[in-house]
Every structure is written in C-alpha cells, then in structure tokens.
Amino acid sequence: MSEENKDFGDKAEDAANDFKEDLKQTFDPKNPDSGKTVAIIAHITVIGWIVALIMNSQNKTEFGSYYIRQTLGIWILGFILGIIPVVGCFAFIICVVLIIISLVNAANDKMVPIVGLGEYFQDWFKSL
C-alpha cells in the first residue's frame with residue numbers, strides 16, 4: 001500500500017471516530033440537548049413521533065419522554081375530536097395550536113403540560 005493511500009485511510013478512520021464520538025455526545029442521556037432533540041422531533045407529524053420514540057428508547061431522557069407523551073396525547077385528542085360531528089371541523093385547528101404551543105415549550109427547555117389534559121397524558125402514557 002502506498003504512503004498516500006495509508007494517509008488517506010488514517011484520515012478517514014479519524015473522521016469516522018470523530019463522527020462516532022459526536023453522535024454519542026448528541027444522544028447521550030446526560031447531555032441536556034439530547035432530550036431536546038427528541039422532544040422537537042416528536043412534534044413533526046406522526047412519523048416524527050415514531051422516530052423520536054425509537055431514539056428515546058435507546059437513550060431515555062426525562063425531557064424527551066415528557067414530550068413524547070404530550071404529543072401522543074395531542075394526536076389521540078385530535079383523532080377523538082375529529083370523530084365528533086360538530087367539533088370535528090375545528091379539531092385540526094385545535095391540534096395544530098396545541099402542537100405549536102408544545103413545540104415552543106420544548107424548544108425553550110420548558111416542561112409545561114398542555115392546558116387541561118397535559119397532566120393526564122403524563123399519567124396515562126407513563127410507560128413511554
């Protein structure tokens with residue numbers, strides 16, 4: 001193997017190790033930002049919620065779990081309200097407003113339950 005190829009291989013290996021360390025630090029439960037990342041992703045559609053659930057199951061954080069439970073409650077609330085004929089018209093707007101309020105709180109590192117049902121969501125979905 002030539003010296004140039006060996007240098008390239010060493011640099012690639014160093015870059016891969018640096019990436020692995022950055023990844024560990026980003027999703028480390030002791031890193032306060034890792035829960036924030038999970039919390040924000042949980043608010044981005046149902047698919048984002050599933051991704052956040054998977055990310056949080058590998059490295060559980062209290063902050064990430066809190067917002068996974070909140071967003072699940074909001075999605076279920078929206079589904080239930082959508083079934084009711086009169087309220088169903090406004091269910092989408094209600095859920096979008098609740099998701100935005102929850103997202104802003106998550107982005108500001110605040111664990112604020114949504115009005116009315118937030119504490120119940122934490123109790124009902126405590127296994128998440």
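Is the crossing of helix 3 and helix 4 left-handed or right-handed? In this predicted model, whose local features need pLDDT of at least 70, whose side-chain atom pairs count only at pLDDT 80 or more, and whose totals for chains, interfaces and linings use all residues, the crossing of the two helices is left-handed, a term that applies if the near helix is turned anticlockwise from the far one by less than a right angle, right-handed being the clockwise case. Residues are numbered from 1 along each chain as its sequence is written, and side-chain values use heavy atoms, with hydrogens and water left out.

The protein as a whole has 6 helices and 0 strands, and from the N terminus on its elements run α-α-α-α-α-α; helices (H or I, at least four residues) and strands (E, at least two) are DSSP runs, numbered from the N terminus. Of its 128 residues, 31% count as buried, where buried means under 20% relative accessible area, exposed over 50%, and partly exposed in between, with a 1.4 Å probe and protein chains only. Among contacts between residues at least 6 apart in sequence, 66% join residues at least 24 apart, contact meaning heavy atoms within 4.5 Å.

Helix 3 (residues 45–58) packs with helix 4 (residues 62–83) at an angle of about 150°, their axes being 10 Å apart; axes are lines fitted to C-alpha atoms, for helices over the stretch in contact, and angles run from 0 to 180 degrees between N-to-C directions. The two helices are therefore roughly antiparallel to each other, given that angles over 145 degrees count as roughly antiparallel, under 35 as roughly parallel, 65 to 115 as roughly perpendicular and the rest as oblique. On the helix 3 side the contact is made by T45, V46, W49, A52, L53 and N56, and on the helix 4 side by G64, S65, I68, T71, L72 and W75. By class, this contact has 7 nonpolar, 5 polar and no charged residues, with Ala, Val, Leu, Ile, Met, Phe, Trp, Tyr, Cys and Pro counted as nonpolar, Asp, Glu, Lys and Arg as charged, and the others, Gly among them, as polar.

Helix 4 also packs with helix 5, their axes coming within 8 Å and crossing at roughly 170°, which makes helix 4 roughly antiparallel to helix 5. Residues of helix 4 including F63, Y67, I74 and L81 meet residues of helix 5 including G88, I94, L98 and A106, and by class the contact has 12 nonpolar, 7 polar and no charged residues. Elsewhere in helix 5 lies I100, partly exposed with a relative accessible area of 49%, and its C-alpha atom is separated by 8.3 Å from that of H43, 57 residues apart along the chain.

Side chains of opposite charge can pair when their charged atoms come close. The count here comes to 1 salt bridge, defined as a side-chain nitrogen of Lys or Arg within 4 Å of a carboxyl oxygen of Asp or Glu: D109 pairs with K36, the closest N and O atoms being 3.9 Å apart. The pair links distant parts of the chain, 73 residues apart, with D109 in the loop between helix 5 (88–107) and helix 6 (118–124) and K36 in helix 2 (residues 32–42). Both are partly exposed, D109 with a relative accessible area of 49% and K36 with 22%.

Most residues other than glycine have a negative phi. D109, however, has a positive phi near 60°, and T45, in helix 3, has a positive phi of about 55° although it is not a glycine; T45 counts as partly exposed at 45% relative accessibility.
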